[in-house]
Each structure stands twice: as C-alpha cells, then as structure tokens.
Amino acid sequence: MKLSTRIALAVGVSVPLLVLASGWLLLHLVTDDLRARQDSQLRARATVLAKNAKAYLEVAGSDRPVMEQARQRRLVNSARDVGVRLTAPGAPGGTITAGPQPDPFPSLPRSAPKPVTVTSGDTDWLALSLRVGAAKKGNSPPNLWLFSPDTAEEELALVRRRVVLGALLAAPLAGATTWAIATRAVLPLRRLQRRTSGLDPRTSAARLEHTPTRIAEVDDLAYTVQTVLARYDEQVQRTGEALATARAFAATASHELRTPLMSMRTNIDILTDHPGLEPGDRAEVLEDLGREHARLLGLLVMLRALAQGDLVEADAFASLDPAELVDASVSDLRRTHPGAEVSVRTTTGLLVHGWEEGLRSAVDNLLTNAWTHGRAADGTARIEVTLRASRDPQEPAAVLTVDDHGPGIPPERREEIFQRFRRGPDSPGSGLGLTLVAQQIDLHRGRIAVLDRPDGRPGTRFEVRLPATDVRDVESTLLLLRRDWLTGRHQPAPSSETQV
C-alpha cells in the first residue's frame, strides 16, 4: 500500500473520530447551556406568578367577587406558555390551573424548590413548586406549581444528527483531500525510491546521487542510503584487502621460511648422522641451528606485525604520550642488551593520536636496528634517542630522532632499506624491521627521514615526525591509505629524505 493511501486512510478514519469527539463535547456543553437557560426562564416566570398568586389568595373566598375574578384573571394571563397549578380555597375543586398542563398528570414530588424533570406519557416537563399566600409554615406542601415543556431534548437531538452527518461527510472528504495532498507531498520520497530501487551494490558500481530537497526526512534517508552503500563499499574493500593480506602472508611465509627451515633441517641431519662429531664442530652446528631458529621466530613476529598493520581499524587508535613509549622501548633494549649505551632525552606532555602497539613496535625496531647496524669501530653500540616537539608552529608534531655511530647508509640506499626482505650480507634480521617502521609511520600520517648525523661524525640519524591528529583524521586517513605493505605492492615515494 502506498504511503499516500495510508495517510489518506489514517486521516479518513481519524477525522470522523475527532468530529464525533468534538460533537460529544459540544453536545455536553449545549445540554448544560439549554438546561441552565430553561431553569433560569422558569425561575423568572415563577417570580411573577408567585406575586400574582399571592395577590389572588389575599382576596380568595372573601365577599369581593369582582376583585377576586380580576386577580384570578391576572394570574391566568401571566402564566402564558407556563402551566400553573395553585391550590386555593374557594376555587372550583380547590385548584386553579392555567397554561399547558401534563396529560395525564404525573406524580409530583413532595416539593421542588429547584426545577426537576417529571414525565407524562412520552413528554418530559420541568416542574417547580413554591409556597405563597395562605400556605402555612411547617410541613404543609407547596401550593403553587409551575410546569414547562422540556424542549431541550428536541434541540439536542438536532445537534446529534448534525454531528453524525458531519462525521459521515468528513470521512470521504478528508480522505480524498488528504490523499491528494499526501500524493503531492511524497513525490520527493517516490523519486528517491525510484533512484534507489535499481541499486545493487553486488552487481553494479552505480551509487545514489541525491540533490537536497529541503525535506528533512527525505534528505536524511538519502544520506543514510549513501552512508550504507559507502560502508558496504568500504567493507568489500577491506574484505578484499584482508583476503589479499591472508594470501600474501601465507605465500610470503612459505617462501621466506623455506630457507631457515631447510638450513635447520640440514643441521639436524648432521647431528643425527654424525653422533661422534667433534665438540667444536658440534658447537658450531648448534650455534648455527640456534641462529636460524631465532631468525625464524623473528620472521614470524615481523610478518604478524605487518599483517596487523595492514588490517588495523580506526577504533584501535587513541590519544597517547610518545614519551612513555620511548622510555619503555629503551628500558627493554637495556635489559635485553646490557652492553648498549643508550642516552635518552624526551619532552613530556606531547600527545599524538595513535595505535599504541604499532608505534611501540616501530620504536623497538628503530632501536634494534641502531643496536645491530650502528656500532662504532670499537664494537660498542652507542645510541642517542631524542623526543621533542616540532619547531614549526604551522605543523604541530612529535619529532623522534635515533642516532647511531655505525658506518652510515649511502644516500643511494636510503630508499630501498624500507622495502621487504632487504637485508645486508651480515644482517641477522628478517629484512622486515624497517619495513614495519615505515608502515607504522605511514599509518599515522607521519614522515621518516634517513639522514647523516648533524655533528658530522660517522653514523646515521632516523628522524620520525608524528603529526597531532584526532580520530576523524585517522578514519579518513585509513580509508585513503594503500594497506598492502605485507603484499609488497606498496613502495615508498622517492625523495631525498625518504618520506613515507
């Protein structure tokens, strides 16, 4: 059923009910007004009749017949459309009646100082009683009764008929009028329905294009449909990315794990086939086996971290202090590598909106890279770590620098070190540490630069800039980023400072 038809039916039903409810209230008010008016008229007439009845009773039964007849005539004439019944001595039957009277005469109450309703046949009458003239005090009944036909019921019946007739006429008129108005009013909604009825996100890339109609409900609905379709596209994209990441993880893991596993297999075979191996050779084989095992574990950890970075969502980001991350990473490095000489200078109070696990992994890998490849000529790993606020007021950011005293990195190789599995000939790592760093800096809309030491001494400086962002910036960034570091399709943009 169309919306316009539903509205027309609803109005067609509700309007008669409202008319009937209003009519019932009107009928109640009219009834009170009519009763009050009739009572007021009967009381006013009673005042005049009581005065004439008293004058008549003063001369009734006396020797003044002319005066008695004159006052009786005045009493009768003053009754007009009101019936009068006066108990008077000397009158025929002891009663004087004038005006309209109930027929048959009803049973009257003992007294009626206020108007009451009495029924005679099928007619209702208003009755009022008074004590006038010769009426005695005590328990003597009233001697003057007034009667007036109750015409209120006829007027009320007319009002009822008109209310019912109005309700019957209002139903079709209200329904037809409302249907015409509603049909016109829902045209923008019908246009929106026609535009959305052909949209199938599974088979077509077409999406809803909506021009604001200045009708809040229609515009809100169109915005909701656009949002749903956009979310659908995002989820499809993320599902595809997740599937590609899973496949890349499996393919990369199987390819990269083959070499250390084969080496470990070879060493195990040597130990198995040569139980009498010389102690020196045996120790060398065991050392090589342990080294390959460590490399294998490191490779799995790095692949897992890269996969997490490619699949992270905006709700994993929160406001955090990078100084706490740096202090924790330095403490871990000192604990695992007691021989490292690490100096730290951090500025507290800096806040970035980031993924704590990802940033911690990036800092850990920068320090590990400096400890592994940044040793001085005497073999000592001396590392300087600094965290400060950016000096550029136009670009608020947290700036992290990690300086080592190694041989340095030639400028021509400063871009390729962030690519997957790029390892030096003597590197014990997996070739994914700096790739993980670049991925995390990219996720946080930051920049990383590989520079010479500013003091001119041998060594390398890694400078990381993390901008101050909020959750809205993170959400928009994650939608635009290419999340394919694990698959290897992402390549850093060429620059003199290796920005990612």
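Modeller: The largest share of the lining of the largest cavity, four residues, is supplied by α8, where helices (H or I, at least four residues) and strands (E, at least two) are DSSP runs numbered from the N terminus. This is a predicted model, in which local features need pLDDT of at least 70 and side-chain atom pairs count only at pLDDT 80 or more, while totals for chains, interfaces and linings use all residues. Residues are numbered from 1 along each chain as its sequence is written, and side-chain values use heavy atoms, with hydrogens and water left out.

A cavity here is a set of points, on a 1 Å grid over the protein atoms alone, where a 1.4 Å probe fits but cannot get out, and lining residues have an atom within 4 Å of a point. With grid points joined across faces, edges and corners, and volume taken as the space filled by probe spheres set on the points, there are two cavities of 30 Å³ or more, and the largest holds about 130 Å³. Of the 14 residues lining the largest cavity, Leu 359, Val 363, Leu 400, Val 464 and Leu 466 are the closest to its centre. At least two lining residues come from each of α7, α8 (356-373), β10 and β12. The lining comprises 14 nonpolar residues, no polar and no charged ones, with Ala, Val, Leu, Ile, Met, Phe, Trp, Tyr, Cys and Pro counted as nonpolar, Asp, Glu, Lys and Arg as charged, and the others, Gly among them, as polar.

Note on methods:
On a 1 Å grid over the protein atoms alone, a cavity is a set of points where a 1.4 Å probe fits but cannot get out, and a pocket is an open set with protein on both sides within 12 Å along at least five of seven lines; lining residues have an atom within 4 Å of a point.
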